[in-house]
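This briefing is meant to be read with the structure open beside it.

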Amino acid sequence: MSSERKVRILLAKAGLDTHVRGISILMVRLRDAGMETIYTGLFQTPETIVAAAIQEDVDFIFLSSHLGGHITLAQRIIELLKENGAENIALVVGGVIPRKDFPTLKALGVREAFLPHTLPSTVIDFVKAQIAAPAAKGK
Ligand code: B12
């Protein structure tokens, strides 16, 4: 990992989904691993998430979704990233994401999706691998 700039990750919850335990644990673990984390708080929209991501100059948006809205949310977030010329920000989704939705999410442009009960260490390894391969990351 470059010592110049820490990787920056925006963690987001959208709509009426208040399942915050996973994202809270993840945020602390990412921080402990030396990454910069920004949390949006609850009840966000794709518009507020993308605006915050651009303003905070993040590398990743981590959308945590537990109530089944992940495909609609991901589609809109990716649309907004494109509209704002911010395709370099990678969208990653986790929470309660069924495996059957992975192909749809990937086709929309989601960088990676994670199944329920994914360990923070798995997510940290993923981010480190993305940083080590900047071409894959699109930056
Ligand atoms: C605890 C819980 C609640 C608590 C939430 C407390 C809180 N403030 O967080 C309460 C009781 C409030 C609740 C309410 C509801 N819940 Co609830 N809840 C759960 C439960 C049992 C556990 C979630 C949890 O905290 N897990 C522990 C954390 C640590 O794990 P995690 O969230 O999976 O996160 C880890 C990973 O997934 C990953 N991760 C998480 N997010 C992300 C994001 C990214 C980008 C990445 C990379 C990784 C990642 O990292 C985390 C750390 O390892 C789940 C069932 C389950 N087993 O998941 C149902 C569940 C999510 N709930 C469900 C439902 C339906 C509801 C209610 C609608 C019930 C109702 N009728 O009122 C409400 C909705 C409330 C709302 N507005 O959001 C359903 C959702 C169904 C679906 N998606 O199809 C589930 C799946 C239960 C079920 N089997 O039906 N719930």
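The lining of the largest pocket is made up of 15 nonpolar residues, eight polar residues and one charged residue. The model is a predicted one, and the values below were computed from its atoms.

**The largest pocket**

- The largest pocket holds about 520 Å³ of space, and of the 24 residues that line this pocket, Gly-22, Ile-23, His-66, Gly-95 and Thr-118 are the closest to its centre.
- Four elements each give at least two residues to this lining, namely helix H1 (21-32), strand S3 (60-65), strand S4 (90-95) and helix H5 (120-132).
- Helix H1 provides the largest share of the lining of the largest pocket, with five residues.

**The second largest pocket**

- The second largest pocket holds about 150 Å³ of space, and its lining is formed by Ile-78, Leu-81, Lys-82, Glu-87, Ile-89, Ala-90, Leu-91, Leu-108, Gly-109 and Arg-111.
- Helix H3 (70-83) and strand S4 each contribute at least two residues to the lining of the second largest pocket, and the largest share, three residues, belongs to H3.
- Sorted by class, the residues that line the second largest pocket are six nonpolar, one polar and three charged.

**The ligand and its cobalt atom**

- Which residue of the protein gives the cobalt atom of the ligand its single donor? The donor is the NE2 atom of His-19, which lies 2.2 Å away from the cobalt, and His-19 itself is placed in the loop between strand S1 (8-12) and helix H1.
- The ligand is surrounded by 25 residues, and the closest of them are Leu-16, Thr-18, His-19, His-66 and Thr-118.
- In the shell around the ligand, H1, S3, S4 and H5 each supply at least two residues, and these four elements also each supply at least two residues of the lining of the largest pocket.
- By class, the shell around the ligand consists of 13 nonpolar, 10 polar and two charged residues.

- On the backbone of Leu-16, an N or O atom lies 2.7 Å from a nitrogen atom of the ligand.
- On the backbone of Thr-18, a polar atom is found 2.7 Å from an oxygen atom of the ligand.
- With His-66 the side chain takes part, as one of its N or O atoms is 2.7 Å from an oxygen atom of the ligand; His-66 is also among the residues closest to the centre of the largest pocket.

**Two loop residues with positive phi**

- Phe-43 is not a glycine, and yet its phi is positive, at about 65 degrees; this residue is found in the loop between strand S2 (36-39) and helix H2 (46-55).
- Is Phe-43 buried or exposed? Phe-43 counts as exposed because its relative accessible area is 51%, and the class of exposed residues begins over 50%.
- Asp-57, another residue other than glycine, has a positive phi near 55 degrees, and its place is in the loop between H2 and S3.
- The relative accessible area of Asp-57 is 44%, so Asp-57 is described as partly exposed.

How values were computed: Residues numbered from 1 in each chain as written. Predicted model: local features only at pLDDT ≥ 70, side-chain atom pairs only at ≥ 80, totals over all residues. Heavy atoms only, no water. 1 Å grid on protein atoms, 1.4 Å probe; cavity = no way out; pocket = protein on both sides within 12 Å on 5 of 7 lines; lining within 4 Å. Points joined across faces, edges and corners; volume = space filled by probe spheres on them. Nonpolar A, V, L, I, M, F, W, Y, C, P; charged D, E, K, R; others polar. Donors = N, O, S within 2.8 Å, 3.2 Å for Na, K, Ca; no water. Near = heavy atom within 4 Å. Polar contact = N/O pair within 3.5 Å; in protein donor to acceptor, adjacent residues only side chain to side chain. Buried < 20%, exposed > 50% of the residue type's maximum accessible area, 1.4 Å probe, protein only.
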